[in-house]
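Have the structure open while you read.

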Amino acid sequence: MSSIATLVPEPTDAELAASALRGLDAARDANIPVRLSLGGSGGELEVPGSALVALARVLDSFAHGEGVTLVPAHAELTTQQAADALNVSRPFLIGLLDAGHIAYRTVGTHRRVMAASLVRYLREDDARRTAASDELAAEAHALGLS
């Protein structure tokens, strides 16, 4: 897949996605390959266990009626696409870029953000927030507030 793809579930897909997600849970935890039946065509397809995490996330979003956007790690995003992915304003994203928190390159006068760089920032930001939350919880416990 070489381009960004947005998948939006049909209203009837939610229940089927929820059912499929429940069926994947055991295999996903074991990280073993899974054989999927192709329905009407009668064929089967073997899916690597490592791909089940991504499939489970898509199914979970579909089960909740939410669309999913798939972005290859090598894809370059515009600043607006990157801001949308982070759910922040474009000016806020520009501040992150200028501060060096997210790597980018310039094409002419436009910035392009590598999807992999955006994912790296998201993981680092999640780790920072988790550490801050853990620290606050420890302080609350030390003060007898929990």
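Where does Thr-78 lie? Hold that thought until point 1, after two bits of housekeeping. Residues are numbered from 1 along each chain as its sequence is written. This is a predicted model, in which local features need pLDDT of at least 70 and side-chain atom pairs count only at pLDDT 80 or more, while totals for chains, interfaces and linings use all residues; side-chain values use heavy atoms, with hydrogens and water left out.

1. Thr-78 sits in the loop between strand S5 (76-77) and H3. Helices (H or I, at least four residues) and strands (E, at least two) are DSSP runs, numbered from the N terminus. With 29% relative accessibility, Thr-78 counts as partly exposed. The cut-offs are under 20% relative accessible area for buried, over 50% for exposed, and partly exposed in between (1.4 Å probe, protein chains only). Leaving aside residues up to four places away in sequence, Thr-78 touches Arg-111 and Arg-112, where contact means heavy atoms within 4.5 Å. Arg-90 is 12 residues from Thr-78 along the chain, and their C-alpha atoms are 10.0 Å apart.

2. Now the whole chain. You'll find 5 helices and 7 strands, and reading along the sequence gives β-α-β-β-α-β-β-α-α-β-β-α. The radius of gyration is 20 Å, whereas a compact globule of 146 residues would be near 15 Å. That radius is taken over C-alpha atoms, and the globule rule is 2.2 Å times the number of residues to the power 0.38. The C-alpha trace spans about 55 × 55 × 30 Å along its principal axes.

3. How much of the chain is buried? Of the 146 residues, 23% are. Among contacts with a separation of 6 or more, 52% come from residues 24 or more positions apart. The chain carries 12 positive and 18 negative side chains, and the centres of the two sets lie 8 Å apart. Here Lys and Arg count as positive and Asp and Glu as negative, with His and the chain ends not counted; each charge is placed at NZ of Lys, CZ of Arg, CG of Asp or CD of Glu.

4. Helix H2 (residues 49-63) is worth a look. Its 15 residues reach 21 Å from first C-alpha to last, close to the 21 Å expected at 1.5 Å a residue, the expected span being 1.5 Å times one less than the number of residues. The buried residues of H2 are Gly-49, Leu-52, Ala-56, Val-58, Leu-59, Ser-61 and Phe-62. An α-helix has 3.6 residues a turn, so residues three or four places apart point the same way. After H2 comes Gly-65, with a positive phi near 75°.

5. Ser-61, in H2, is buried at 16% relative accessible area and touches Glu-66, Gly-67 and Val-68, not counting residues up to four places away in sequence. Ser-117, in helix H5, is buried at 6%; with that same exclusion, Ser-117 touches Ile-102 and Ala-103.

6. Is Arg-123 buried or exposed? Exposed: Arg-123 has a relative accessible area of 63%. Arg-123 belongs to helix H5 (residues 115-142). Leu-16 is 107 residues away along the chain, and the C-alpha atoms of Arg-123 and Leu-16 are separated by 31 Å.

7. Last, check Asn-87, in the loop between helix H3 (79-86) and helix H4 (90-98). Phi of Asn-87 is positive, near 60°, in a residue other than glycine. Most residues other than glycine have a negative phi. Asn-87 is exposed too, with a relative accessible area of 72%.
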